[in-house]
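Please work through each task before reading its solution.

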Amino acid sequence: MKVIQVTNVDFALRHFLLPLMRGARLRGHEVIGAAAEGPLLEVPRAEGFRIVAPPMARSLNPLAQWRAYRALLALFRVEKPDLVHAHMPISGLIARAAAKRAGVPRIAYTCHGFLFNQPGPLWRRGLSLALEWLGGRMTDRFFTVSAEEAQDARRLHIHAQATAVLNGRDPAVFHPDADARAALRAEFGAAEDDCVVVVVSRLVRHKGHPELLRAMERVPGAVLWVVGERLPSDHGEDLEPHFARAEAMLGRRLVRLGYRHDVARILAAADVFALPSHFEGLPMSIIEAMLTGLPVVATDVRGPREQVVPEATGLLVPPAEDGPLAEALARLAGDPALRLRMGEAGRARALDLFDESRVVGRTLDLLGL
């Protein structure tokens, strides 16, 4: 079969779609990737995948979306795929509409987080729900990455057979690594008795960086490593003023690492993983941290509360509040035995639920590939 996987930007294709593309190719299918052009597309191209770059846009601009729709329609008419698998709210809707118009025999969609479940004005959430309902009418196989949002999709009549497929990461890549721990802690100036807290995410407001930076001021025995960057397509508040203040307050206890290709080694060198997001789908970064044996401090929102078992594999705190976050981080920073116990339990849970090969295999089976 010929399959076209469609998403919005290169970051999403590289980090979310590539394992699925690899799995489908191993089963003998022809797989094409489609996303807006960007440097991270060089990774799948280097693996021999054909990648096309229609003018996808992360915006509600009608003209931009019309251009994306026309480009996808032309692509589907030329390639005549057996299956189009679309991802992300806006690009997913545009791709499904183009696939329907082009007469693609089978159309699938994976929701990585509903926009109507995110904080925002009522009109925006209502519009999102209406568009998801419309998209559901054009979808043969409807997936979500979280069980809670699969329930939402069925309850709100978006799709009667919405199925949670979860997310996964490779335990051969993400695992405890004593050599990486020693090398990177020395490189980044962390002492052996420092409690290193790490956050891995895009630098956008809803990931909770301002709360995390303020919380760290009240955890004097801990160091914060910040991994990630702001994508060119990201919107919203500039976080640099928050980081400037934190750099003045925390000094050497704040280390900004930017975008990294060695996230697995960085996680192995840390002691605690934090992700204080305001909303999520089912974060890959939490899975990576759990596989590496780190206790997780996350917010009690959709996605993370399906991953983290409070008091067993980590701690859940209210979103957008730095006080409870500081308390949770301080508790773990002061108790190495608790960190070890939670980290081991989290790794066992991740191996059971979030092993990439099993998640990909189950998704491909549901797609009929």
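A residue is called buried when its relative accessible area is under 20%, exposed when over 50%, and partly exposed in between (1.4 Å probe, protein chains only). The model is predicted, so local features need pLDDT of at least 70 and side-chain atom pairs count only at pLDDT 80 or more, while totals for chains, interfaces and linings use all residues. Residues are numbered from 1 along each chain as its sequence is written, and side-chain values use heavy atoms, with hydrogens and water left out.

**Exercise 1.** Determine which residue forms a salt bridge with Asp322, and classify the accessibility of both partners.

Solution. A salt bridge requires a side-chain nitrogen of Lys or Arg within 4 Å of a carboxyl oxygen of Asp or Glu. The partner is Arg214, with the closest N and O atoms 3.3 Å apart. These residues join distant parts of the chain, 108 residues apart: Asp322 belongs to helix H13 (residues 322–333) and Arg214 to helix H8 (residues 209–216). Helices are DSSP runs of H or I, at least four residues, numbered from the N terminus. Asp322 has 17% relative accessibility and is therefore buried; Arg214, at 30%, is partly exposed.

**Exercise 2.** Describe the pair Arg155 and Asp152.

Solution. Their side chains form a salt bridge with an N to O distance of 3.0 Å. Because the two residues lie three apart in helix H6 (residues 147–155), about one helical turn separates Arg155 from Asp152. Arg155 is exposed at 52% relative accessibility, whereas Asp152 is buried at 4%. Both residues also belong to a salt-bridge network with Glu148, Asp300, Arg302 and Arg305.
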